[in-house]
Amino acid sequence: MTAETVPPLEVRELTVRFAGLTALDAVSFTVRPGTVHAVIGPNGAGKSTCFNVLSGVYRASSGSVRFGEHELTALRPHDIAGLGVARIFQNLALPPRATVADSLLLAASA
Ligand SMILES: Nc1ncnc2c1ncn2[C@@H]1O[C@H](COP(=O)(O)OP(=O)(O)OP(=O)(O)O)[C@@H](O)[C@H]1O
Ligand SMILES: [Mg+2]
């Protein structure tokens, strides 16, 4: 996939519930190719839950994540990674001597 053909990542009305707790409540955003975004929020706001859905680790209760022709909420983690949508984990799960660049390459090759 060349830079010109990378589609936007379109998150629409993404909702995740754990029993009675709504961790994500109809979250929508679009990540266009070549842009950098940050997700900020207090502990428990749902940041990791969001990335866990984007990478297929958690299932959405409702909503969609479109990447071009693909609906990512229906795919398994390795299929999502194969499309080039990669994630890395928080500091506790990172290789201790990896640089930021190393960690990103590690995610992309998973
Ligand atoms: N697997 C799970 N089962 C039940 N509840 C969960 C699960 N994962 C997350 N939660 C809950 O969902 C809410 C959002 O958690 P999440 O880990 O996404 O927050 P966060 O923004 O990443 O927080 P932090 O800044 O501490 O990393 C919290 O109330 C958390 O307890
Ligand atoms: Mg987190």
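Me: Which residue is the bridge partner of phenylalanine 67 in strand 4?

Reply: Histidine 70. This is a predicted model: local features need pLDDT of at least 70, side-chain atom pairs count only at pLDDT 80 or more, and totals for chains, interfaces and linings use all residues. Residues are numbered from 1 along each chain as its sequence is written, while chains are lettered from A and ligands numbered from 1 in the order in which they are written.

Me: What makes strand 3 and strand 4 a pair?

Reply: Two strands pair if DSSP finds at least two bridges between them. Strand 3 (residues 62–67) and strand 4 are joined by two bridges, so they meet the definition. They run antiparallel.

Me: Why are strand 2 and strand 4 placed at the edges?

Reply: The four strands form an open, antiparallel sheet in the order 2-1-3-4. Strand 2 and strand 4 (70–71) each have a single partner strand, so one side of each has no neighbour in the sheet. Helix 1 packs on this sheet and touches strand 1 (9–18), strand 2 and strand 3. Touching means C-beta atoms, placed from the backbone, within 7 Å.

Me: How many helices and strands does the chain have, and what makes a run count as one?

Reply: Three helices and four strands. Along the sequence, the pattern is β-β-α-β-β-α-α.

Me: Why is the chain called as compact as a globular protein of that length?

Reply: Its radius of gyration, taken over C-alpha atoms, is 14 Å.

Me: Is tyrosine 58 buried, exposed or partly exposed, and why?

Reply: Partly exposed, because 18 other C-beta atoms lie within 10 Å. Buried needs 20 or more, exposed 12 or fewer, and partly exposed is in between, with C-beta atoms placed from the backbone. Tyrosine 58 is in the loop between helix 1 and strand 3. Tyrosine 58 touches Val16, Thr49, Asn52 and Val53, leaving out residues up to four places away in sequence.

Me: What puts a residue in the shell around ligand 1, and which element gives the largest share?

Reply: Its C-beta atom, placed from the backbone, must lie within 6 Å of the molecule. Residues around ligand 1 include Phe18, Lys47, Ser48 and Thr49. Helix 1 gives the largest share, three residues.

Note on methods:
The radius of gyration is taken over C-alpha atoms; the globule rule is 2.2 Å times the number of residues to the power 0.38. Two residues are in contact if their C-beta atoms, placed from the backbone, lie within 7 Å. Axes are lines fitted to C-alpha atoms, for helices over the stretch in contact, and angles run from 0 to 180 degrees between N-to-C directions.
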